[in-house]
Amino acid sequence: MKDMNKKEETPFLEVNNLTVEYFNKTQVVHAVSDISFQLQKGKTLGLVGETGAGKTSIAKAILRILPDVGARIPKGEVMLNGVQISSIPEKKMQEIRGNEISMIFQDPMTALNPVQRVGDQIAEVIALHNEISAEETKKRTEEMLELVGIPKERYREYPHQFSGGMKQRVVIAMALACNPELLLADEPTTALDVTIQAQVLSLIEQLKEKFNTSMILITHDMGVIAQTCDDVAIVYAGSILEFGSKEQIFKHPSHPYTIGLFNAIPNMNMDEEWLHPIEGLPPDPTNLPEGCPFHPRCSYATEECKHGKVEMRLTEDGHRCACCHFEDVIKVGGK
């Protein structure tokens, strides 16, 4: 019998059985295959995986900004604050974008309009979602610039007058202009040098705490995950192979792919001449293998792995892994 005095925590964001496909007349790309996960309010979830794993497609499907032609979502639902946003009218979704959900895109060079002043680009977001005067809009735009460390005097400058790190700050200001509840950050530091990368991550974390914003961080950098995230989802060939808290994933990796990712990271405490990369290449998304998508590259694979869907299995409280042999994997390769 349930404890009636115990209040169950409702997920802030819930993604159920999401599938994304890109297609043309001759083939179908299976970008995201039946994934499910949850995110609590104020927390950060990291999506980790190789290039082409489907991480960005997940974010675009949540925000519903997939191409109108050549992309589809055959099944799945996205719940935000208990409301299904995957099937609401486009006009209503336009009110949610920027206001409740915002996205920091990977390349600020393509995210900013090169012929429009940066202040005007931020102001456009604010004006779109708030019925306020032009004077108040400009004031709030200047406040956002100052908030991300850009002097308000640079309001009328163009993107080409900013460095890469400063452009990324402008993009962050645009994303946070209306204080969204959910921030989708698509590799926000990939194009930046290490020093600027640390500054941008620190800025995102400060603003996230200031506004109690939830975040999905897309990256292939385990160092960024360690610094920023609460929970981690390991994504491979459009599927989530392992999910757990940051501590569980780093201390007790349970899937061969996750362990392979860690083995490919240089360890300054070990005297090894060569790294241990994962052999082979990710599968062709137009022709995914049956069973576990990782089995062609996995040294633990058996006939069981090659047929049927491999379900997520609970390894410990909150830690799940889609592997038939995770107990053997943990004994041999886990930390």
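Residues are numbered from 1 along each chain as its sequence is written. Because the model is predicted, local features need pLDDT of at least 70 and side-chain atom pairs count only at pLDDT 80 or more, while totals for chains, interfaces and linings use all residues.

Helices are DSSP runs (H or I, at least four residues) numbered from the N terminus, and their axes are lines fitted to C-alpha atoms over the stretch in contact, with angles from 0 to 180 degrees between N-to-C directions.

| Helix pair | Axes come within | Crossing angle |
|---|---|---|
| Helix 4 (residues 118-129) and helix 5 (residues 134-147) | 9 Å | roughly 120° |
| Helix 6 (residues 164-176) and helix 7 (residues 194-211) | 10 Å | roughly 15° |

The angle for the pair of helix 4 and helix 5 makes helix 4 oblique to helix 5, whereas helix 6 is roughly parallel to helix 7; angles under 35 degrees count as roughly parallel, over 145 as roughly antiparallel, 65 to 115 as roughly perpendicular and the rest as oblique. In contact (heavy atoms within 4.5 Å), helix 4 contributes Gly-119, Ile-122, Ala-123, Ile-126 and Ala-127, and helix 5 contributes Thr-137, Arg-140, Thr-141, Met-144 and Leu-145.

The structure holds 1 cavity of 30 Å³ or more, a cavity being a set of points on a 1 Å grid over the protein atoms alone where a 1.4 Å probe fits but cannot get out, with lining residues having an atom within 4 Å of a point. The largest cavity has a volume of about 70 Å³, the space filled by probe spheres set on the points. Of its 13 lining residues, the closest to the centre are His-255, Cys-292, Cys-298, Cys-305 and Cys-323.

Conventions: Heavy atoms only, no water. 1 Å grid on protein atoms, 1.4 Å probe; cavity = no way out; pocket = protein on both sides within 12 Å on 5 of 7 lines; lining within 4 Å. Helix = DSSP H or I, 4+ residues; strand = E, 2+ residues; numbered from the N terminus.
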